[in-house]
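Biologist: Please take a close look at one aromatic part of this model. I would like the rings and their surroundings in one connected account.

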Amino acid sequence: LAPRGDTALHIMGAENEEPEVWTFVTSGTYRKYSYGDICISFTHTNWRLFSAMSEKTKLLVQCLKAYGKEHLSEERLRTMLSFCSGWEWKNVLRETKSATAWVARVVMRMIALTGVEI
């Protein structure tokens, strides 16, 4: 289970506004639940890509996908840098090697912005 889209951005602190629908990706089936004013949605994903990732890496990948590669400004990347400490970036780099090529490139770009030696 990993937060997706606006939910991921809100949990990471990259977006302050609470999402209308709390969306999560899962290897299970599509489901939608409503509890009063709260709506929770589960969407299916190929879990093979996420199975070896830590919770932090899953969240970071979902945030990058939420923005999309066309909308990842340096400012947005810098906002997400504080999410991981110096030593955690080594794990993020290792865990995103199997991710989409553009996600892996963005992670490498983020690591370069931190100045952390890997």
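Modeller: Rings of Phe, Tyr and Trp (its six-membered ring) pair if their centres lie within 6.5 Å; planes under 30 degrees apart count as stacked, over 60 as edge-to-face and the rest as tilted. Phe24, Tyr33 and Phe42 form one aromatic cluster. This is a predicted model: local features need pLDDT of at least 70, side-chain atom pairs count only at pLDDT 80 or more, and totals for chains, interfaces and linings use all residues. Residues are numbered from 1 along each chain as its sequence is written, and side-chain values use heavy atoms, with hydrogens and water left out.

The pairing rule gives two aromatic pairs. In one of them, the ring centres of tyrosine 33 and phenylalanine 42 are 6.1 Å apart and the planes stand at 75°, so this pair is edge-to-face.

Now to tyrosine 33 itself. Strand E3 (residues 31-35) holds tyrosine 33; strands are DSSP runs of E, at least two residues, numbered from the N terminus. Its relative accessible area is 35%, so tyrosine 33 counts as partly exposed (buried is under 20%, exposed over 50%, partly exposed in between; 1.4 Å probe, protein chains only).

Together with Tyr35 and Ile38, Tyr33 makes a nonpolar patch of about 320 Å². Patches take residues with over 30% relative accessible area and no salt bridge; nonpolar side chains (Val, Leu, Ile, Met, Phe, Trp, Tyr) are joined within 5 Å, like charges within 9 Å. A salt bridge is a side-chain nitrogen of Lys or Arg within 4 Å of a carboxyl oxygen of Asp or Glu. Accessible areas come from the Shrake-Rupley method with a 1.4 Å probe; for residues, only the protein chains shown count as cover.

Terms used: Helices (H or I, at least four residues) and strands (E, at least two) are DSSP runs, numbered from the N terminus.
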